[in-house]
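Here are my notes on the model, as numbered points. Please read them with the structure open beside you.

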Amino acid sequence: MKKAIIVFQKFPTPGKVKTRLAATIGNEKAVYIYSYLLNYTHKLISSITADVLIFHEGPIETEQYPKDNYSFFPQTGKDLGKKMSRAFDQAFEQGYDHVIIIGTDCLELRIRHIEEAFAVLKNNDLVLGPAEDGGYYLIGLNKNDGQLFKNIAWSSDAVFANTIAIATEKQLKVHLLECLNDIDEYSDLCDHLKALVSKIDSK
């Protein structure tokens, strides 16, 4: 079975990343946190046996990434749902059997969550990693279903519930991963990240 991890990420431009967090701590610190999470995510998935497809918004410095199992694609679509649906389409068109999408917002994400997602896709139509804010930090499919990405209130606390409702209506077999915390606002920061922000203040 060919497996792919799609990573949705942005170029760390001030004012373009972690905007809700930036409203509290400022753009410079928000970019620092975003870059930290981005590096964490790629270090985490480096030990997983799967190809990595980066779907990026803005420029990307491809030379910073491994050459053997990384591919790069610009995000296309008017909203997040269309972007994810098109990313799934591109992955399945390239012959992958199990595909998951993750972002770069979850410091609680561990290898075991990704390995579990791939394992359960053998017997499920959809795997979701619910986030505490009402969204999800991971979505995995064996084949794309564009309906899962339509009529969703993106960037709201209803994303996960909307998606489950669609999956239930379509009678999809769903597996849920552990609920984790996404980092979008200052209240989401763990003590470690707050300490990193404080170090910036002391420089």
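1. The accessible surface of the protein amounts to about 10300 Å². Carbon and sulfur atoms account for 48% of that surface. Keep in mind throughout that this is a predicted model.

2. Of the 203 residues in the protein, 46% are buried. The radius of gyration is 17 Å, which agrees with the value near 17 Å that a compact globule of 203 residues would have. The C-alpha trace spans about 55 × 40 × 30 Å along its principal axes.

3. The secondary structure consists of six helices and seven strands. Their order along the sequence is β-α-α-β-β-α-β-α-β-β-α-β-α. Contacts between residues at least 6 apart in sequence can also be sorted by separation: 66% of them join residues at least 24 apart.

4. Helix α4 covers residues 111–120. Which of its residues are buried? They are H113, I114, A117, F118 and V120.

5. Look next at G134, in the loop between β5 and β6. Is G134 buried or exposed? Its relative accessibility is 14%, and the cut-off for buried is under 20%, so G134 counts as buried. Leaving out residues up to four places away in sequence, G134 touches S156, D157, A158, V159 and F160. For one of these, A158, the C-alpha atom is 5.7 Å from that of G134, although the two residues are 24 apart in sequence.

6. T13 is in another loop, the one between β1 and α1. With a relative accessible area of 30%, T13 is partly exposed, because that class lies between the limits of 20% and 50%. T13 and R86 are 73 residues apart along the chain, and 24 Å separates their C-alpha atoms.

7. The largest pocket holds about 1100 Å³ of space. Its lining has 38 residues, and those closest to the centre are R20, L80, D105, S155 and D184. Which element gives the most to this lining? That is β6, with four residues. The elements that each supply at least two residues are β1, α1 (19–25), α2, α3 (80–93), β4 and β6. By class, the lining of the largest pocket comprises 15 nonpolar, nine polar and 14 charged residues.

8. The second largest pocket contains about 270 Å³ of space. It is lined by 16 residues, with Q9, L38, N39, Q64 and Y65 the closest to its centre. Two or more residues of this lining come from each of β1 and α2. The largest share, five residues, is from α2. Seven residues of the lining are nonpolar, six are polar and three are charged.

Definitions and conventions. Residues are numbered from 1 along each chain as its sequence is written. This is a predicted model: local features need pLDDT of at least 70, side-chain atom pairs count only at pLDDT 80 or more; totals for chains, interfaces and linings use all residues. Side-chain values use heavy atoms; hydrogens and water are left out. Buried means under 20% relative accessible area, exposed over 50%, partly exposed in between (1.4 Å probe, protein chains only). Contact means heavy atoms within 4.5 Å. On a 1 Å grid over the protein atoms alone, a cavity is a set of points where a 1.4 Å probe fits but cannot get out, and a pocket is an open set with protein on both sides within 12 Å along at least five of seven lines; lining residues have an atom within 4 Å of a point. Grid points are joined across faces, edges and corners, and a volume is the space filled by probe spheres set on the points. Ala, Val, Leu, Ile, Met, Phe, Trp, Tyr, Cys and Pro count as nonpolar, Asp, Glu, Lys and Arg as charged, and the others, Gly among them, as polar. The radius of gyration is taken over C-alpha atoms; the globule rule is 2.2 Å times the number of residues to the power 0.38. Accessible areas come from the Shrake-Rupley method with a 1.4 Å probe; for residues, only the protein chains shown count as cover.
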